[in-house]
Every structure is written in C-alpha cells, then in structure tokens.
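Good morning, and thank you for coming.

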Amino acid sequence: SHEKLRRYAGLELDHGARDRGRTRFDTLLEQHARRADLWQLYVAKTLKAGDVAHARAIQLRLAKADLPPKQMRAALTRFSEFEASHGDAATQKVVKDLARAYVARQRDGMEVDS
C-alpha cells in the first residue's frame, strides 16, 4: 500500500540513505501526483534533513502538479511562506509569478467552461 511506502520513504530520508528515500518519494508521487499530503511530507522531511535547495525543487514541481484548486492554493501559500523564511527577493518573486500563472490558468479555464 502507498501508506507503507510513504512511511518507508520517510524513514529512509530521516535515518537511511537519502537518495533511496528520494527515489521512493518520487515513485510515490508519480503514482499519486494529486496527493498534496505526500508532496508536503516530502518537503518537510527534506527540510528536516537540511536540504533547502531540494525542498525548493520539490515545491517547484508541486506548483506544476495537477492538484484541486483548494489544495493548490494551500501549497502555493506554504511555498510562499517557505521562501519568506529560506529565500530572497528573487525566489519570492518566482513563487508570486507561479501563483499569478496558476490564477490565470484557472480563470482561463473557467471562461472556456462558461
């Protein structure tokens, strides 16, 4: 089950081989790309390990994932908070641009549906 794999991947990142943990999480996310909880756990475990650059890369991938609007808004908010703590003006601008692009895609999608 994905729950066991999630736990195993988390343990690998915390106490085992970091590369193997990343591979496990990446595999899980390929299979369950709409599971925002898996994305956020991956980011949290990566940050706990002190790898800010990889946590940023994960969140950039997450920003391009196909999540439901409510989950995407929450993910972008967390990404913005992450950059406020760990980034600079340039990285904060990247997140703002991603959020604007997401809102524009949502608006364009609604206009097509109307």
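Let me start with a question: in which handedness of crossing does α1 pass α3, left-handed or right-handed? The crossing of α1 past α3 is right-handed; a crossing is called right-handed if the near helix is turned clockwise from the far one by less than a right angle, and left-handed if anticlockwise.

Before I go further, a word on the basis of what I show. This is a predicted model, in which local features need pLDDT of at least 70, side-chain atom pairs count only at pLDDT 80 or more, and totals for chains, interfaces and linings use all residues. Residues are numbered from 1 along each chain as its sequence is written, and side-chain values use heavy atoms, with hydrogens and water left out.

First, the overall picture. The protein has six helices and zero strands, and from the N terminus on its elements run α-α-α-α-α-α. Helices here are DSSP runs of H or I with at least four residues, strands are runs of E with at least two, and both are numbered from the N terminus. Taken along the principal axes, the C-alpha atoms fill a box of roughly 50 × 35 × 15 Å. Of the 114 residues in the protein, 32% are buried; buried means under 20% relative accessible area, exposed means over 50%, and partly exposed lies in between, with a 1.4 Å probe and protein chains only. Among contacts with a separation of 6 or more, 44% are between residues 24 or more positions apart, where contact means heavy atoms within 4.5 Å.

I return now to α1 and α3. The axes of helix α1, residues 2-15, and of α3 come within 9 Å and cross at roughly 15 degrees. That makes α1 roughly parallel to α3. The axes are lines fitted to C-alpha atoms, for helices over the stretch in contact, and angles run from 0 to 180 degrees between N-to-C directions. Angles under 35 degrees count as roughly parallel, over 145 as roughly antiparallel, 65 to 115 as roughly perpendicular, and the rest as oblique. On the α1 side, R6, G10, L13 and D14 meet L38, L41, Y42, K45, T46 and K48 of α3. These residues divide into four nonpolar, two polar and four charged. In this scheme Ala, Val, Leu, Ile, Met, Phe, Trp, Tyr, Cys and Pro count as nonpolar, Asp, Glu, Lys and Arg as charged, and the others, Gly among them, as polar.

Next, how do α2 and α3 lie relative to each other, roughly parallel or roughly antiparallel? The axes of α2, residues 18-31, and α3, residues 36-48, come within 10 Å and cross at roughly 165 degrees. That makes α2 roughly antiparallel to α3. The crossing of α2 past α3 is left-handed. The contact is made by R22, F25, D26, L28 and L29 of α2 and by L38, W39, L41 and Y42 of α3. By class it has seven nonpolar, no polar and two charged residues.

R22 lies in helix α2 and is buried, with a relative accessible area of 18%. Leaving aside neighbours within four places in sequence, R22 is in contact with L13, Y42, D51 and H54. L41, in helix α3, touches R6 and F25, not counting residues up to four places away in sequence.

H54 brings us to α4. Among the buried residues of α4 are H54, R56 and I58. Helix α4, residues 52-63, has twelve residues and reaches 16 Å from its first C-alpha to its last, close to the 16 Å expected at 1.5 Å a residue; the expected span is 1.5 Å times one less than the number of residues.

The contact is made by A36, Q40 and L47 of α3 and Q71, A75, R78, F82 and H86 of α5. By class it has four nonpolar, three polar and one charged residues.

Finally, Y102 lies in helix α6, residues 89-113. At 6% relative accessibility, Y102 counts as buried. Not counting residues up to four places away in sequence, Y102 touches L67, P68, P69, M72 and L76. The C-alpha atoms of Y102 and P69 are separated by 9.2 Å, although the two residues are 33 apart along the chain.
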